[in-house]
Amino acid sequence: MVILDEKGLSGYVKHMLDLIFLGGIGILLSLPWSVNWYMNQLNYETNRNYWFLLIFLYVTGIFALQIVYEVGRIFKTLNRHNPFMMDNVHSLRRIAMASFIISFCYVVKVVCFNSFFTIIIAMIFIIAGFFSIILAEVFRQAVVVKEENDLTV
């Protein structure tokens, strides 16, 4: 099976990311109704919890969509067999920043509404942020080496 190609595994993953992105937009648009429905299921009567949860989900959802979008851009370059370019370095840095912002939001949620799952998600996004920064630097160095080799030939 072909791995890196539009008709290979990376092409299928890129299409799945496109569907996830569209689904995420749909979820973001439906948040006021779905959060209200969720709060009614839990029999919450306070308005403060509704607004906190709604704002929290909007902020984290927007940055999660940015991560999906940036990963899709990286897969597009992989499918073109040209992964070592500065655009991917910039995408990885934006992924890192979005991951840190999401992690910060979850840390705030830990202070306001603590749960074990919230702590785990905050740690996952901190790790994802650091991983993205390191991977961005690896890609940056690969771009420098590739450009030097292109000039040599």
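I began with cysteine 105, which is buried at a relative accessible area of 15% (buried means under 20% relative accessible area, exposed over 50%, and partly exposed in between, with a 1.4 Å probe and protein chains only). Next I looked for disulfides and counted 0 in the structure; the term stands for a pair of cysteine sulfur atoms within 2.5 Å. For cysteine 105, the nearest cysteine sulfur belongs to cysteine 112 and is 11 Å away. Cysteine 112 is likewise in no disulfide, and I noted it as partly exposed, with a relative accessible area of 42%.

**Ground rules.** I am reading a predicted model, where local features need pLDDT of at least 70, side-chain atom pairs count only at pLDDT 80 or more, and totals for chains, interfaces and linings use all residues. Residues are numbered from 1 along each chain as its sequence is written, and side-chain values use heavy atoms, with hydrogens and water left out.

**Salt bridges, the count.** How many salt bridges does the structure hold? I found 5, taking a salt bridge as a side-chain nitrogen of Lys or Arg within 4 Å of a carboxyl oxygen of Asp or Glu.

**Lysine 14 and aspartate 18.** These two side chains meet in a salt bridge at 2.7 Å, N to O. Both sit in helix H1 (residues 9-29), and because they are 4 residues apart there, about one helical turn separates them. I took helices (H or I, at least four residues) and strands (E, at least two) as DSSP runs, numbered from the N terminus. Is lysine 14 buried or exposed? Lysine 14 is buried, with a relative accessible area of 14%, whereas aspartate 18 is partly exposed at 32%.

**Glutamate 70 and arginine 94.** My next pair has its closest N and O atoms 2.9 Å apart, in a salt bridge. This one links distant parts of the chain, from glutamate 70 in helix H3 (residues 47-79) to arginine 94 in helix H4 (residues 86-112), 24 residues apart. Glutamate 70 is buried, with a relative accessible area of 3%, while arginine 94 is partly exposed at 30%.

**Aspartate 150 and lysine 146.** Here I read 3.9 Å, N to O, for the salt bridge between the side chains. Both residues lie in helix H5 (residues 116-152), 4 residues apart, about one turn of the helix. Lysine 146 is partly exposed, with a relative accessible area of 33%.

**A network.** One last entry: salt bridges with shared partners join Glu70, Arg73 and Arg94 into one network.
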